[in-house]
Amino acid sequence: MKMEHVRSDVTVVGGGLAGVCAAVAAARLGKKVALIQNRPVLGGNSSSEVRVWVCGATAHGTNRYARETGIMGELFVENQYRNPDGNPYLWDLVILETVLAEPNIALYLNTDVHEVEAGGEEDARQVQAVTGWMMGSERRIRFESPVFLDCTGDGLIGFLAGAKFRIGREARHEYNEEWAPDTADDITLGSTLLFYTKDAGHPVRFVPPSFAKDISQTNIPMKRVIRSGDSGCHYWWIEWGGELDIVHDNERIRDELWAVIYGIWDYIKNSGQFDAANMTLEWVGSQPGKREYRRFTGEYTLTQNDIISQKLFEDRVAFGGWSIDLHPPQGMYAEASGSKHMHADGNYHIPLRSLYSANVSNLLFAGRNISATHVAFGTTRVMATCAIMGEAAGTAAALCVDKGLTPAELSREHTPALQQMLLKQDASVLGLVNCDAADLARQAKVSASSFLSGISIGAGEERYSLEHDIAMLLPADPGISGTLEWLLDAAQDTALKVELWSTGRPENYVPAVLEYETEISVSAGDRQWVPVSLDWTPAEAQNAFIIVRRNPAIQLYLTAKPLSGLLALERGAAPGVSKDLEDHDSSQPVVEWSTKRLVRKVFCLRTSFPTSAYRPEHAIDGYRRPYGGPHLWLSESLEQDTEPWLALEWAEKQQIREIQLIFNDDVNEDLINLHHHRTPFEVIPEMVRCYRLESLDDTGNWVTMLSEQNNRKRNRVHLLEAPLETRAVRVVVTATNGSPYAEIIEVRAYA
């Protein structure tokens, strides 16, 4: 046996997506990081060992403009390019390469930490070191650092350090949560095993093992959805153990899940009810995917009411959007639906105070073990949300090391600095504006070769019968005042009722307050442009939710040529999943108004009034993602402006060393790591593909500093070889990945 000692700035225990993003964030800020994982692969429940979809704030397309940015966003976009078919082993590689690309990370796989050295009184504990055993290598390694992160999911490190925690459900009276039980208990969500199948191309016999459960003697065939072609996360409902101890009964839970998986496959293969003669098992998991165990106590406990009210925390460092998604304790044997869901009206916010221990001074955490009630945990537990909390916690850890502070001291004294650092990293935070005094772009005058000043969506390729209410989301910048024309067919003389609603909050994309309504006569006829007069100028720019009410005599036109900042929605679309499996309240606005059947489509319309939503000034307005408007520069069509440019100009010469560009990767597009769906393109079409950076010399000529080809990344940071003295720089876009416009969200410049 070999004894080793490792000293780092930050120690991260747990190599799921929360731990990976925490380690990468701290390493990119110059900190020496030890990342410790007790499995042979990274990714936790998303890895090839377990194979759970990485879900997040998009909620499979339920929420709008909700996909995560930052490190999790990089993983999504890279996986989309390299792994469009969702191969779980290629996903492992995407994660591993992201970690290995950081020279400041020392990675310890197959290393199980089960010893923690901590001291101090119960309310003032501190971790000194943790020790792990590297299986297969017979290495016992002791890790020291001033800051530790528990990203283990089960929370073993914090538990051994004496951190306060909770297991199970709080009583309703504790936080006044509607979905909490009357009496507190130890019940948790269960664990799941998944399996993959494939068509072998010839008949395949299946002889079930002796331990396979006869599911025909259970209520599983009646209460759950079984199909021969489904595999993987379609069977997320193979869940059990919520009434047991998820950790200490892990082996018993695994055995029961195996018995049911082989029983389901026996039922599919041998019951005669399925076309499955050529189907065979390709893979069966052996590592149960745990959903819930310890939840640590932080300085703030996130609750159901915070989620549903979308509480705007002053110390917000991340956001979520998955529904509050709770499962029955009996799991797959339950009479109730496999899950019940409660949705907020849009994305909610997560505070820094929920990411560090209330009584262990140098312990942060991220993932499913954060400081949240059981009900609130029902949404924060999904992996993309865990990942962005990891980035926030890792960034906080790096700042703690820099400043010699505890996380609590950082929270009280330097939350704005942390938030600005997260913004600069392109992390997932909402409603925060760039206030970086070092960013020279904030002092510059912005101009562009052109910008889109009017909205005109014509040439509809698809008719849409107005059997449902529909809506279009448009930027009201500065307002919606004039005529909005709709391209439509009318089978008879009829009327068109149109309403204009505000969305209530800048992070929401649902109707909240009726601002204007009108009804006009429509004559029978095909492909006619019908003008509707609207008049609404809000006090500040925001989105308008324009509803056209149901009228079966009318057909609108759709086009598959989207425009950033516009969304098409329909009301009351049929749910895609049985209520026995997922119980969603269809009256909740984000469920009632859906974009799922209209992804990357918009209704054909044109406006008589101009818009300022795409002016070049938006590239320095401080926002990095849609928030009450698209917040980007968008050129005229590339057919009109063949080499569009965006320029920053200063009154006096500046020393420029670094330029950061944020390109539009359409955070409304729902990306996934495995096989939930396949995105029809490998690079987001709105992303700039080819561009060059130019500076203005003393003779008034533009000189190329660098040129980039085949870009497919959202966040590009260009560090020049030497500081450049100039009065102006510009980005010239020479090609996109499919969009007919050049689109840039933000430009920053640093000395």
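Leu160 counts as partly exposed, at 31% relative accessibility. Here buried means under 20% relative accessible area, exposed over 50%, and partly exposed in between, with a 1.4 Å probe and protein chains only. Leu160 sits in helix α4 (residues 156-161). Helices (H or I, at least four residues) and strands (E, at least two) are DSSP runs, numbered from the N terminus.

The model is predicted: local features need pLDDT of at least 70, side-chain atom pairs count only at pLDDT 80 or more, and totals for chains, interfaces and linings use all residues. Residues are numbered from 1 along each chain as its sequence is written, and side-chain values use heavy atoms, with hydrogens and water left out.

**Surface**

Pro221 is in helix α6 (residues 220-223). Pro221 is partly exposed, with a relative accessible area of 27%. Its C-alpha atom is 33 Å from that of Arg294, 73 residues apart along the chain.

**Sheets and strands**

Strands of a sheet pair through backbone hydrogen bonds, either parallel or antiparallel. Two strands count as paired if DSSP finds at least two bridges between them.

Another open sheet has six strands, in the order β26-β25-β28-β23-β30-β32, with antiparallel pairing. β26 (513-522) and β32 (593-594) stand at the edges with a single partner strand each, so one side of each lacks a neighbour in the sheet.

Strand β15 (residues 316-320) has five of five residues buried, so β15 is largely enclosed by the rest of the structure.

These antiparallel pairs each have a listed residue facing across:

| Strand pair | Bridges | Facing residues |
|---|---|---|
| β15 and β18 (348-351) | four | Arg316 and Pro351 |
| β5 and β6 (126-134) | eight | Asp112 and Trp133 |
| β23 (470-476) and β28 (542-548) | seven | Ala471 and Ile547 |

Glu570 lies in strand β30 (residues 567-571). Glu570 counts as buried, at 0% relative accessibility. A polar contact of 2.6 Å joins its side chain to that of Tyr464. A polar contact is a pair of N or O atoms within 3.5 Å; within protein, one must be able to donate a hydrogen and the other to accept it, and residues adjacent in sequence count only if both atoms are side-chain atoms.

**Salt bridges**

The whole structure holds 58 salt bridges. Each is a side-chain nitrogen of Lys or Arg within 4 Å of a carboxyl oxygen of Asp or Glu.

Arg142 and Glu144 meet at 2.1 Å, N to O. Arg142 is partly exposed, at 23%. Arg254 pairs with Asp255, with closest N and O atoms 2.9 Å apart. Arg254 is buried at 18%, while Asp255 is partly exposed at 38%. Glu694 bridges to Arg692 at 2.6 Å, and Glu694 is buried at 4%.

A network of salt bridges links Arg67, Asp426, Asp436, Arg624, Asp665, Arg714, Glu746 and Arg748.
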